[in-house]
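Please open the model in your viewer and keep the sequence panel beside it.

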Amino acid sequence: MVAALNEMFHFLVARKKFWMIPIVFMLIVFGGLFLAVQGSVLAPFIYTLF
C-alpha cells in the first residue's frame with residue numbers, strides 16, 4: 001500500500017501535476033475515515049459532516 005502511494009507521488013511530481021497532490025491526499029483521508037467508522041457507533045455523527 002505504501003509503495004503504491006509512493007509511486008503515485010513520484011508520478012505526480014515527474015509529470016508536474018502538483019495541483020493533484022491535495023486532491024489525492026484528501027481522497028486518502030476521507031477513504032480512511034470511512035473505513036475507520038464503518039459499522040461503529042460514531043457513523044451517524046460522521047455522516048452529518050457531509
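The tour begins with some conventions and then turns to the selections.

This is a predicted model, in which local features need pLDDT of at least 70 and side-chain atom pairs count only at pLDDT 80 or more, while totals for chains, interfaces and linings use all residues. Residues are numbered from 1 along each chain as its sequence is written, and side-chain values use heavy atoms, with hydrogens and water left out.

Of the 50 residues in the chain, 10% are buried (under 20% relative accessible area, with a 1.4 Å probe and protein chains only).

Next, select H1 (residues 2-14) and H2 (residues 21-37), whose axes come within 11 Å and cross at roughly 160 degrees; the axes are lines fitted to C-alpha atoms over the stretch in contact, and angles run from 0 to 180 degrees between N-to-C directions. H1 is therefore roughly antiparallel to H2 (over 145 degrees).

Now show side chains: Leu5, Met8, Phe9 and Leu12 of H1 meet Ile21, Val24 and Ile28 of H2, contact meaning heavy atoms within 4.5 Å. By class, this contact has seven nonpolar, no polar and no charged residues.

Finally, colour by pLDDT, the predictor's confidence in each residue from 0 to 100. The chain mean is 82, and 88% of residues reach 70 or more; confidence is highest in H1, at 88, and lowest in H3 (residues 43-47), at a mean of 70.

Conventions. Helix = DSSP H or I, 4+ residues; strand = E, 2+ residues; numbered from the N terminus. Parallel < 35°, antiparallel > 145°, perpendicular 65-115°, else oblique. Nonpolar A, V, L, I, M, F, W, Y, C, P; charged D, E, K, R; others polar.
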